[in-house]
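Trainee: I am new to this structure. Can we go through the terms used for it, one by one?

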Amino acid sequence: MEVIERKENPLLDRVEIRFRWEHTNSPTPSLKEMVAAAAKAEPGAKEDLVFVKEVNTRFGRPQTTGLVLVYGTAESAALEPDFVRDRHSGDKKATKDKKAPKVKPASEPESAEESAEEPAEGEPEGGDE
């Protein structure tokens, strides 16, 4: 991973790193690999405070560019949206909890006779007039 631009942002307590990664004869690096490389490139960085924001791999070229944000503290890293933090945490349990609950089908009448005896809503009780 080659650092193209390194910009300190003291107001948000983070370092913004633009990178280029040449990956000839290998696949596009995974999120985990990019986080590890960015933490290694920035002295004193912790991997749980590193967030990959942009990744662009050009078709037909073994080159990936992107933007990595390295936060100084966990409090400043709280600025990142929940979905970004969930994506970087790698915690499968958090994504399972957010799935929509399964809906049970409505109960059907037990027999055709019961449904015929009960009048539908809005209909008068009684025979034909």
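Trainee: How do you know that strand β1 and strand β2 are joined, and which way do they run?
Mentor: This is a predicted model, so every value comes from its coordinates. Pairing needs at least two bridges. Here 7 bridges join β1 (residues 2-9) to β2 (residues 14-22), so the two strands pair. They run antiparallel. E2, for one, stands opposite R20 in β2. In the hairpin of these strands, D13 takes a positive phi near 55°.

Trainee: What joins β3 to β4?
Mentor: 7 bridges, again with the strands antiparallel. N56 has T65 in β4 as its bridge partner.

Trainee: What makes β1 and β3 edge strands?
Mentor: The open sheet has 4 strands in the order β1-β2-β4-β3. β1 and β3 each have a single partner strand, so one side of each lacks a neighbour in the sheet. From one strand to the next, the twist averages 15°.

Trainee: Which strands does helix α1 touch?
Mentor: α1 (residues 31-41) packs on the sheet and touches β1, β2, β3 and β4. The helix direction makes about 120° with that of β3.

Trainee: Why is E80 called buried?
Mentor: Buried means under 20% relative accessible area. E80 has 4%, so E80 counts as buried. E80 sits in the loop between α2 (74-77) and α3 (82-89).

Trainee: How do you know that the side chain of E80 makes a polar contact with the side chain of K53?
Mentor: The cut-off for such a pair of N or O atoms is 3.5 Å. The distance here is 3.0 Å, so the pair is within the cut-off. E80 also touches other residues, including R14, F51 and Y71.

How values were computed: Residues numbered from 1 in each chain as written. Predicted model: local features only at pLDDT ≥ 70, side-chain atom pairs only at ≥ 80, totals over all residues. Heavy atoms only, no water. Buried < 20%, exposed > 50% of the residue type's maximum accessible area, 1.4 Å probe, protein only. Polar contact = N/O pair within 3.5 Å; in protein donor to acceptor, adjacent residues only side chain to side chain. Contact = heavy atoms within 4.5 Å. Axes fitted to C-alpha atoms, helices over the stretch in contact; angles between N-to-C directions. Lists of a residue's contacts leave out its neighbours within four places in sequence.
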